[in-house]
Amino acid sequence: MNVVYEDNHIIIVNKQSGEIVQGDKTGDTPLSDIVKQYIKDKYNKPGNVFLGVVHRLDRPVSGLVVFAKTSKALSRLNEMFRTGDVHKTYWAIVKKNDIAPEATLTDWLTRNERQNKSYAHNREVPGAKKAVLSYKVRSVSDNYMLLEVRLMTGRHHQIRCQLAHMGCPIKGDLKYGSPRSNPDGSISLMSRRVEFVHPVSKETIAVEAPVPNDRLWLALAGDADRQ
């Protein structure tokens with residue numbers, strides 16, 4: 001487990017693809033339990049450790065996850081996430097396509113619970129929720145592009161669904177149209193950066209996660225940094 005930021009109220013962890021943030025029907029040990037054990041061991045805490053989950057990442061996605069270590073931080077962070085005061089930046093490696101260098105995408109998403117999948121529509125349909133994100137092309141290779149994505153809404157599988165609807169499925173994401181899986185079962189989407197005003201100290205917290213140690217990730221990220 002890689003802790004990238006920690007203070008008395010907050011802990012931010014770089015999640016690996018394949019880890020679940022909270023317990024689910026698989027019964028696999030969630031990241032929240034691992035973080036609790038880390039806090040218990042580090043500070044020799046007796047009894048139960050408080051840890052609040054304020055947001056989640058899909059299992060095959062990697063990157064930054066913010067947890068609250070106190071109830072005060074949890075309630076304030078929940079409100080900040082709800083009002084969009086926590087600014088999250090995602091990086092995605094997608095199929096190369098002829099798209100605008102940067103744009104805002106607005107779609108209407110419906111969710112199929114049985115398939116655990118969302119579907120994008122160009123107009124409002126019954127049961128749909130409005131989904132808005134902006135993207136910017138950061139670098140391009142022969143077959144792939146690195147996109148920087150910012151969410152304006154938080155819908156189920158929103159980035160995966162909207163990028164696929166644009167004709168740019170995320171590398172390795174079989175559920176949304178990628179032709180092949182990644183060898184490690186991940187999809188090439190990460191929570192790259194998070195920035196917010198600390199709910200207690202009021203200082204600006206800005207944290208960035210390193211890209212996965214993968215040849216394509218490192219090449220595209222290197223090109224992006226040189227621009």
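1. A pocket, on a 1 Å grid over the protein atoms alone, is an open set of points where a 1.4 Å probe fits, with protein on both sides within 12 Å along at least five of seven lines; its lining residues have an atom within 4 Å of a point. A volume is the space filled by probe spheres set on the points, which are joined across faces, edges and corners.

2. The model is predicted: local features need pLDDT of at least 70, side-chain atom pairs count only at pLDDT 80 or more, and totals for chains, interfaces and linings use all residues. Residues are numbered from 1 along each chain as its sequence is written, and side-chain values use heavy atoms, with hydrogens and water left out.

3. The protein has four helices and eleven strands, taken as DSSP runs numbered from the N terminus (helices H or I, at least four residues; strands E, at least two).

4. Of the 227 residues, 47% count as buried, that is, under 20% relative accessible area with a 1.4 Å probe and protein chains only.

5. The largest pocket holds about 1600 Å³ of space. Of its 45 lining residues, Arg 56, Asp 58, Arg 155, His 156 and His 157 lie nearest its centre. Helix 2 gives the largest share of this lining, five residues. By class, the lining has 15 nonpolar, 16 polar and 14 charged residues; Ala, Val, Leu, Ile, Met, Phe, Trp, Tyr, Cys and Pro count as nonpolar, Asp, Glu, Lys and Arg as charged, and the others, Gly among them, as polar.

6. The second largest pocket has a volume of about 360 Å³. Its lining of 22 residues includes Asp 184, Ser 186, Pro 212, Asn 213 and Trp 217, which lie nearest its centre. Strand 2, strand 10 (189-197) and helix 4 (215-226) each give two or more residues to this lining.

Key: Buried means under 20% relative accessible area, exposed over 50%, partly exposed in between (1.4 Å probe, protein chains only).
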